[in-house]
Amino acid sequence: MASIQERSVNGNGLYFPRNGEYSSVENFFLERGWNVKHGDNGILVGTSFQSVLNCGDDRFKNGEVPEDHRYGPSIFGGAVGIAALRREPTLEGVRRATLDISALGYRAGMHGDVENDELGCGFNRLLLNGYFNGVVGTPAIDLKTARQVLDEHGGSYVDLSGIHTAVGLNFNFVPGTTILSDGNNFGVDGWFALLIDGVEPDRLLELTAATVEALKPDAKNVTIYT
Ligand SMILES: [Zn+2]
């Protein structure tokens, strides 16, 4: 893990040695019994200014969600996920995450689904059920209130529909880019989370892997983009 924890603040945030980063992430997943491959960066697209940081849910498909959600970076749980990654799974933590996402030129996002409202986000449901307590601490978040916090700060919420169809995970470390969901993969833009002060790489890897394993145990296939 040491190589992706190396940080040098140079005015642009963080610098990650690319080869070291890949092997660190690769080894983490191999040790958990995943299939791992290195992705072709040709499928990456640039994120849009003021687009929405939302969840890595595979249901962010073309035509079903607003463009500004598709062209924003993804982290499981969206803004709530950022708060959890910082071990601040509280409303104040969500508020802080929302402001920090805005400071990076994006907007804070959350989602639910048409059947379960706010609990339709699998990550947030796992979080509130205590699934990640050992990693992030005990959550104290009411999701409807969290949604209001986002609303008050220019954030955005969307309900998704359908069931999880992902057969893998796209895990992207190329700054400023994302992968448009086609329903075949969960998508996490690790570079974004690592720009947020207080997010540790090992916690990002753990929560990302654990979320996929819980939501779709047969999707333990990761493609890493560096
Ligand atoms: Zn979600």
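Two strands pair if DSSP finds at least two bridges between them. Strands, marked E, are DSSP runs of at least two residues, while helices, marked H or I, are runs of at least four, and both are numbered from the N terminus. With that in hand, you can read a bridge such as the one in which Asn 170 has Gly 187 in E8 as its partner.

What you see above is a predicted model, in which local features need pLDDT of at least 70, side-chain atom pairs count only at pLDDT 80 or more, and totals for chains, interfaces and linings use all residues. Residues are numbered from 1 along each chain as its sequence is written.

**Confidence**

The predictor's confidence in each residue is called pLDDT and runs from 0 to 100. The protein chain averages a pLDDT of 90, and 90% of the residues score at least 70. Over residues 1-19, however, pLDDT stays under 50. Where pLDDT is low, the predicted coordinates should not be read in detail.

Strand E6 (residues 168-172) pairs with E8 in the parallel sense over five bridges, and Leu 169 stands opposite Phe 186 in E8. Is E8 (residues 185-189) mostly covered or mostly open? It is mostly covered, with five of its five residues buried. A residue is buried if 20 or more other C-beta atoms, placed from the backbone, lie within 10 Å of its own, exposed if 12 or fewer do, and partly exposed in between. In a regular strand the side chains alternate between the two faces of the sheet. In E8, Asn 185, Gly 187 and Asp 189 are buried on one side, and Phe 186 and Val 188 are buried on the other.

Why does Val 36 count as partly exposed? Because it has 18 C-beta neighbours inside 10 Å. Two residues are in contact if their C-beta atoms, placed from the backbone, lie within 7 Å. Beyond four places in sequence, the contacts of Val 36 include Glu 26, Phe 29 and Val 222. The C-alpha atoms of Val 36 and Glu 26 are 6.4 Å apart.

**The sheet of three strands**

Another open sheet has the order E3-E4-E5, with parallel pairing. Its edge strands are E3 (52-53) and E5 (156-160). Five bridges join E4 (residues 107-113) to E5, and Gly 109 has Ser 156 in E5 as a bridge partner.

| Helix | Lies across | Angle to E4 |
|---|---|---|
| H4 (residues 78-85) | E3 and E4 | about 110° |
| H8 (residues 143-152) | E4 and E5 | about 145° |

**Helix H5**

The 13 residues of helix H5 (residues 91-103) should span 18 Å at 1.5 Å a residue, and this agrees with its end C-alpha atoms, which are 18 Å apart. The expected span is 1.5 Å times one less than the number of residues. Among the buried residues of H5 are Gly 93, Val 94, Ala 97 and Ile 101. The cover over the buried residues of H5 includes E3, H4, E4 and H8. Just after H5, Gly 105 takes a positive phi of about 95°.

Technical notes: Axes are lines fitted to C-alpha atoms, for helices over the stretch in contact, and angles run from 0 to 180 degrees between N-to-C directions.
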